[in-house]
Amino acid sequence: MSIPKSAPASVRIDAWLWSIRAYKTRSMATAACRAGHVKLNDVNAKASHTVVPGDTIRVRQPGYDRILEVRRLINKRVGAEAASHCFTDHTPPRPVLPALGLPQRDRGTGRPTKKDRRDMDKLRGDP
């Protein structure tokens, strides 16, 4: 499926976020707007705000914020490939968390003994 040739003049922000697949359903996009998780040009956005090309949208998702720039308006949900042409993603790369050096027990060794548990706590730095 491709993007329609005639783009609308303006689109509601919740419909646009749903169309580009930022949210699974339009009601989830509306709920995110109501909860204050969506900002349009650094201002909290109501679901009924309209977007135009050039707007910057900040969407809070668990652990990070997505920063999207509107390039093209659509109000119908399209495939992921077509949706990717409607925005520019300015989200910085997510930080890589250091791997925890927790010891792994061999399979089938059973529960750790009290001494084993104390040794594991000492490695983690727990008192």
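Reader: Why is Ala-22 called buried?

Author: Ala-22 has a relative accessible area of 12%, and buried means under 20%, with exposed meaning over 50% and partly exposed in between, for a 1.4 Å probe and protein chains only, so Ala-22 counts as buried. This is a predicted model, in which local features need pLDDT of at least 70 and side-chain atom pairs count only at pLDDT 80 or more, whereas totals for chains, interfaces and linings use all residues. Residues are numbered from 1 along each chain as its sequence is written, and side-chain values use heavy atoms, with hydrogens and water left out.

Reader: Where does Ala-22 lie, and what does Ala-22 touch?

Author: Ala-22 sits in the loop between α1 and α2, the helices being DSSP runs of H or I with at least four residues and the strands runs of E with at least two, both numbered from the N terminus. Setting aside residues up to four places away in sequence, Ala-22 touches Leu-17, Gln-61 and Arg-66, where contact means heavy atoms within 4.5 Å. The C-alpha atoms of Ala-22 and Val-59 are separated by 8.5 Å, although these residues are 37 residues apart along the chain.

Reader: What makes Asp-89 and Arg-66 a salt bridge?

Author: A salt bridge is a side-chain nitrogen of Lys or Arg within 4 Å of a carboxyl oxygen of Asp or Glu, and the closest N and O atoms of Asp-89 and Arg-66 are 3.8 Å apart, so this pair qualifies. The pair links distant parts of the chain, with Asp-89 in strand β7 and Arg-66 in strand β6, 23 residues apart. Arg-66 has a relative accessible area of 15% and is therefore buried, whereas Asp-89, with 41%, is partly exposed.

Reader: How many salt bridges does a search of the whole structure find, and which residues are linked in a network?

Author: The search finds seven salt bridges, and Arg-12, Asp-14 and Arg-26 are linked in a network of them. Arg-12 and Asp-14 form one with their closest N and O atoms 3.1 Å apart; Asp-14 is buried at 2% relative accessibility, while Arg-12 is partly exposed at 35%. Arg-60 and Asp-65 form another, at 3.7 Å between the closest N and O atoms, and here Arg-60 is partly exposed with a relative accessible area of 46%, as is Asp-65 at 24%.

Reader: Why does Thr-30 count as buried?

Author: Thr-30, at 14% relative accessibility, falls in the buried class and therefore counts as buried. This residue is found in helix α2 (residues 26–34), and Thr-30 touches Asp-14 and Ala-47, not counting residues up to four places away in sequence.

Reader: What makes up the largest nonpolar core?

Author: A nonpolar core is a set of buried Ala, Val, Leu, Ile, Met, Phe, Trp, Tyr and Cys residues joined through side-chain atoms within 4.5 Å, and the largest has 27 residues, with Ile-13, Trp-16, Leu-17, Ile-20, Val-38, Val-51 and Ile-57 having the most contacts inside it. The elements giving two or more residues to this core are α1 (13–19), α2, β2 (38–40), β5, β6 and α3 (80–83), and α1 gives the most, with four residues. Beyond residues up to four places away in sequence, Val-51 has several contacts, including Ile-13, Trp-16, Ile-57 and Leu-73.

Reader: How many disulfides does the count come to?

Author: A disulfide is a pair of cysteine sulfur atoms within 2.5 Å, and by this rule the count comes to zero.
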